Amino acid sequence: MNATTEIKELDVLVLQGGGALGAYQAGAFETLFASGRHTDWVAGVSIGAINAALIAGNPAGRRVERLRMFWERVSQATAVFKLPSGFAARGIFNELSAGTVMATGVPGFFQPRFPPAFLMPPGSAGATSFYDTAPLRDTLLDLVDFDYLNDGPTRFSTGAVNVETGNMIWFDSAHDRIGPEHVMASGALPPGFPAVEIDGQFYWDGGLVSNTPLQYVYDERGPDDLCVFQVDLFSARGPLPASVWDIEARAKDIRFSSRTRLNTDMLCEMHTSHVAGRRLYEKLPPELRDDPDARALLTNRHDPKITVAHLIYRQTPHETQSKDYEFSRSSMLDHWKAGAQDTATTLAHPEWIARHDDPAQVRIFDLADARP
């Protein structure tokens, strides 16, 4: 097949949670949009849900603008200035910035409670979180057109955890009316942020159960072929920690990566098995096709071709365990640039350009070069 032949497939963005690292996803989307790709479906968890809402909740021509407005708003507490050279100096700057966030919050996102939660009587307002996320609601209402999100061309999905049952619940514009509370629920990471009430139920951050909504997209797929850009903010792979200071950062990567590659490999194997089962069923003589064991080979749905492009943020040497709550303007711009560069590298790679020459049902690509 000629690599330039146009193949009909749905473009899907799958956005992982990761706090301040989410600017990487914004940079990735900017490059995808500039390349002419159309986003048909965006699914996100936590900060990925916020980025997803900014994308699905605005017309195509305003999406990058709104993403930039959000990330400039939440990083406005520190101006861009010439930083000291060397990883050690930059690391100190980042830790000071993260400490400021803990003490004062993030503009347009969250602010410390006063009196603090530990001084509040159990069951009272403000007793179950250290920060108030009311500023985030105002920001979402300012930057996201929720009518457009619900009625527009791009499907939106996000997940949150029911606090009392522990079950992951998915909210999807294909069958739910989405509001700011659904986005906030997906990012309500305890005990920092309060649970969010939706229809009498309370929800926490979806990352507590699954930080990457790839499985949901697979389970809810239709008959169309899928081209999935999975933009992850924590890398499952990383070096052995050299000190106690490195351990928390590495543990956080492992905890929130949701075993990205393992999940993708399992999806590949499961999808291949479904296709093989359907082929085997079609080879059976008619008298055996109604046998319950034979019909068990079917999934009662079409098995489309699926292409997955991994875009994974790789921690730089000056970053520590605070990387997901360090919201300085300098770091935001670094993360945005990294997402844009990794996406450009992937789209320009010969293997990506020739991906439709591969007849496999599932094709997985991880083509971005690791940064120094």
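Buried means under 20% relative accessible area. The model used in these exercises is predicted.

**Exercise 1. Arginine 90**

Task: Decide whether arginine 90 is buried or exposed, then find the side chain with which its own side chain makes a polar contact.

Solution: 
- Locate the residue. Arginine 90 sits in helix H4.
- Apply the cut-off. Its relative accessibility is 10%, so arginine 90 counts as buried.
- Look for the partner. The side chains of arginine 90 and aspartate 334 make a polar contact at 2.9 Å.
- Compare sequence with space. Proline 317 is 227 residues from arginine 90 in sequence, yet the two C-alpha atoms are 9.5 Å apart.

**Exercise 2. The second largest cavity**

Task: Describe the second largest cavity by volume, lining and residue classes.

Solution: 
- Start with the count. The structure has four cavities of 30 Å³ or more.
- Give the volume. The second largest cavity holds about 40 Å³ of space.
- List the lining. Asn94, Glu95, His318, Glu319, Thr320, Ser322, Lys323, Glu326, Ser331 and His335 line this cavity.
- Assign helices. H4 (87–104) and H12 (329–348) each supply at least two lining residues.
- Sort by class. Six lining residues are polar, four are charged and none is nonpolar.

**Exercise 3. The buried face of H5**

Task: Which residues of helix H5 are buried, and why do they line one face of the helix?

Solution: 
- Pick out the residues. In H5 (residues 134–143), the buried ones are Pro135, Leu136, Thr139, Leu140 and Leu143.
- View the helix down its axis. The buried residues of H5 fall within an arc of 135°, so they line one face.
- Find what they pack against. Among the helices are H2 (47–56), H3 (63–74), H6 (146–151) and H7 (180–186). Strands E3 (111–112) and E4 (131–132) also pack against the buried residues of H5.

Conventions. Residues numbered from 1 in each chain as written. Predicted model: local features only at pLDDT ≥ 70, side-chain atom pairs only at ≥ 80, totals over all residues. Heavy atoms only, no water. 1 Å grid on protein atoms, 1.4 Å probe; cavity = no way out; pocket = protein on both sides within 12 Å on 5 of 7 lines; lining within 4 Å. Points joined across faces, edges and corners; volume = space filled by probe spheres on them. Helix = DSSP H or I, 4+ residues; strand = E, 2+ residues; numbered from the N terminus. Nonpolar A, V, L, I, M, F, W, Y, C, P; charged D, E, K, R; others polar. Buried < 20%, exposed > 50% of the residue type's maximum accessible area, 1.4 Å probe, protein only. Arc of directions from axis to C-beta. Contact = heavy atoms within 4.5 Å. Polar contact = N/O pair within 3.5 Å; in protein donor to acceptor, adjacent residues only side chain to side chain.
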